[in-house]
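Subject: Model for your files, with notes

Hello,

Here is the model we spoke about, followed by my notes on it. Please read the notes with the structure open.

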Amino acid sequence: MNSSFLKTNKGLIIKDLIIIEPNLVHDDRGFFMESWNQKTFDEIIGENIIFSQDNHSRSVYGVLRGLHYQLNPYPQGKLVRCSMGSIFDVAIDIRKDSQTYGTWGGIKLSAENKKQLWIPKGFAHGFLTLSEIAEVQYKADSFWNKKYERSIRWDDENLRIDWFKETSLKKPLLSAKDARAANFKQAENSGDIF
């Protein structure tokens, strides 16, 4: 597996957001790849991560899920990949003591490119479905806890996430929860950040 850091919207690098590219073996039958290996992953990340659960979502074109995170004591690190279709995957640094606080990074994840994104604790995460259908799997290193779950608005003017650069879409399909999410400043003022 190869890895690199994800660049942010401001040209910065958030060293904790890591793009992982599996090694593929191709032949006339198709391909083989190792999508997960504990030892290799720990070497790339630089620590031993124990995952608690795997999640799988299926979304139609234009669905935007996010921007989700969980507060202490149940924050989640996530290893995200798209196994069918394609998505624009976004992570926002919400760690107040970070040099990249309030910046976001985004990457296209797809069944074609097979890239994965490691999003550690202290980030809000979301994605926009770019294909007719997309299936997304992610490993989480902590269990889901509704009481500590939070969301930041997808269209927050302060964040200026360029969701639609690879599509003609102008407005996404949202859940009721995501449609009423707090903006970044509201989350900051209420202490709902790291």
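Rings of Phe, Tyr and Trp (for Trp, its six-membered ring) are taken as a pair if their centres lie within 6.5 Å; planes under 30 degrees apart count as stacked, over 60 as edge-to-face and the rest as tilted. Trp 36, Phe 41, Phe 51 and Trp 118 form one aromatic cluster.

This is a predicted model, in which local features need pLDDT of at least 70 and side-chain atom pairs count only at pLDDT 80 or more, while totals for chains, interfaces and linings use all residues. Residues are numbered from 1 along each chain as its sequence is written, and side-chain values use heavy atoms, with hydrogens and water left out.

Aromatic pairs

The ring rule gives eleven aromatic pairs. In one of them, Phe 88 and Trp 104 are edge-to-face, because their ring centres are 6.4 Å apart and their planes stand at 85 degrees. Phe 88 belongs to strand β8 (residues 86-93) and Trp 104 to strand β9 (residues 104-110), so this pair ties together parts that are 16 residues apart in sequence. Strands (E, at least two residues) and helices (H or I, at least four) are DSSP runs, numbered from the N terminus. Phe 88 and Trp 104 are both buried, where buried means under 20% relative accessible area, exposed over 50% and partly exposed in between (1.4 Å probe, protein chains only).

Tyr 101 and Phe 184 form a tilted pair, because the centres are 5.4 Å apart and the planes are at 50 degrees. Tyr 101 sits in the loop between β8 and β9 and Phe 184 in helix α3 (residues 184-189), so the pair ties together parts that are 83 residues apart in sequence. Tyr 101 and Phe 184 are both buried.

Strand pairing

Two strands pair if DSSP finds at least two bridges between them. An open sheet of five strands runs in the order β9-β8-β11-β6-β13, with antiparallel pairing. Its edge strands are β9 and β13 (149-151), each pairing on one side only. Within this sheet, β8 and strand β11 (residues 123-129) are joined by seven bridges, and Phe 88 has Leu 128 of β11 as its bridge partner.

Leu 79 stands opposite Trp 118 in β10, and Val 80 has Tyr 138 in β12 as its bridge partner.

Two glutamines

Gln 116 is in strand β10 and is buried, with a relative accessible area of 3%. A polar atom of its side chain lies 3.1 Å from the backbone oxygen of Ser 35. Beyond its neighbours within four places in sequence, the contacts of Gln 116 (heavy atoms within 4.5 Å) include Ile 18, Pro 22, Ser 35, Leu 79 and Leu 109.

Gln 38 is in helix α1 (residues 38-45) and counts as partly exposed, at 29% relative accessibility. Leaving aside neighbours within four places in sequence, Gln 38 is in contact with Asn 48 and Ile 49.

Regards

Technical notes
Polar contact = N/O pair within 3.5 Å; in protein donor to acceptor, adjacent residues only side chain to side chain.
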